[in-house]
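Please walk me through this protein, one stop at a time. Start with the terms, then move to the residues.

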Amino acid sequence: SGQAAPEVSYTTFDGVAVPLQPQGRPMLVNFWSSTCAPCVREMPELEKSYAANGDRVDYIGIDVVDAAENGLRMIETTGATYPMGRDPRGTIFAAYGGTNLPRTALLSADGTILAVHSGELDAGQLQAMIDEHLGR
């Protein structure tokens, strides 16, 4: 942590390229795939965290090396409402040092990586990460 976030863009499920950079607020980036069982369990926890913190932290889920229809089905099944994007070739995940899913990164408003966690998090652990790095 402490380094600048990589300058990468993700693709929306509608096929639009968007820079993966904070827009004036801290940003929580979660990498996931529909083939990853911990990711499926984690997504409702991320949704709870988004409900609690979405007024001050932007959330984005990035679907890694997954067929779009499978990703969309998982979003629907888990009830996640925060923004989602795609990383069909896994290049963004690699730029974030990803080896296994899920992986979560917390960025400051200026694009500095504050924290990275590999593995499943629950809403309480997500809250602890946010509070530790951004205050209450």
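Two residues are in contact when heavy atoms lie within 4.5 Å. Keep that cut-off in mind while looking at this predicted model.

Begin at Asp 87. Asp 87 sits in strand β5. Asp 87 is buried, yet has no salt bridge. What is the nearest side chain of opposite charge to Asp 87? That is Arg 89, 6.8 Å away. A salt bridge needs a side-chain nitrogen of Lys or Arg within 4 Å of a carboxyl oxygen of Asp or Glu.

Now go to Met 84. Strand β5 covers residues 84-87, and Met 84 is found there. Is Met 84 buried or exposed? Met 84 counts as buried because its relative accessibility is 11%, and the limit for buried is under 20%. The contacts of Met 84 come from several parts of the sequence. Not counting residues up to four places away, Met 84 touches Tyr 10, Thr 12, Phe 13, Trp 32, Met 43, Ile 60, Gly 61 and Ile 75. Gly 124 is another matter. Met 84 and Gly 124 are 40 residues apart along the chain, and their C-alpha atoms are separated by 22 Å.

In soluble globular proteins, nonpolar side chains tend to be buried together. The largest nonpolar core here has 20 residues. Which of them touch the most other members? They are Leu 28, Trp 32, Met 43, Tyr 82, Met 84 and Leu 106. The elements giving two or more residues to this core are β3 (27-32), α1 (37-53), α2 (68-78), β7 (113-118) and α4 (123-134). Another core lies apart from it, with 16 residues, among them Val 29, Ile 92, Tyr 96 and Ile 113.

Look next at Leu 106. Neighbours within four places in sequence are left aside again. Leu 106 is then in contact with Met 27, Leu 28, Thr 112, Ile 113, Leu 114, Ala 115, Met 129, Ile 130, His 133 and Leu 134.

The last stop is a covalent link. How many disulfides does a search of the whole structure find? The search finds one. This disulfide joins Cys 36 to Cys 39, with 2.2 Å from S to S. The link is right-handed, with 85° about the S-S bond. Cys 36 counts as buried because its relative accessibility is 10%. Cys 39 is buried too, with a relative accessible area of 1%.

Methods. Residues are numbered from 1 along each chain as its sequence is written. This is a predicted model: local features need pLDDT of at least 70, side-chain atom pairs count only at pLDDT 80 or more; totals for chains, interfaces and linings use all residues. Side-chain values use heavy atoms; hydrogens and water are left out. Helices (H or I, at least four residues) and strands (E, at least two) are DSSP runs, numbered from the N terminus. Buried means under 20% relative accessible area, exposed over 50%, partly exposed in between (1.4 Å probe, protein chains only). A nonpolar core is a set of buried Ala, Val, Leu, Ile, Met, Phe, Trp, Tyr and Cys residues joined through side-chain atoms within 4.5 Å. A disulfide is a pair of cysteine sulfur atoms within 2.5 Å. Lys and Arg count as positive and Asp and Glu as negative; His and the chain ends are not counted.
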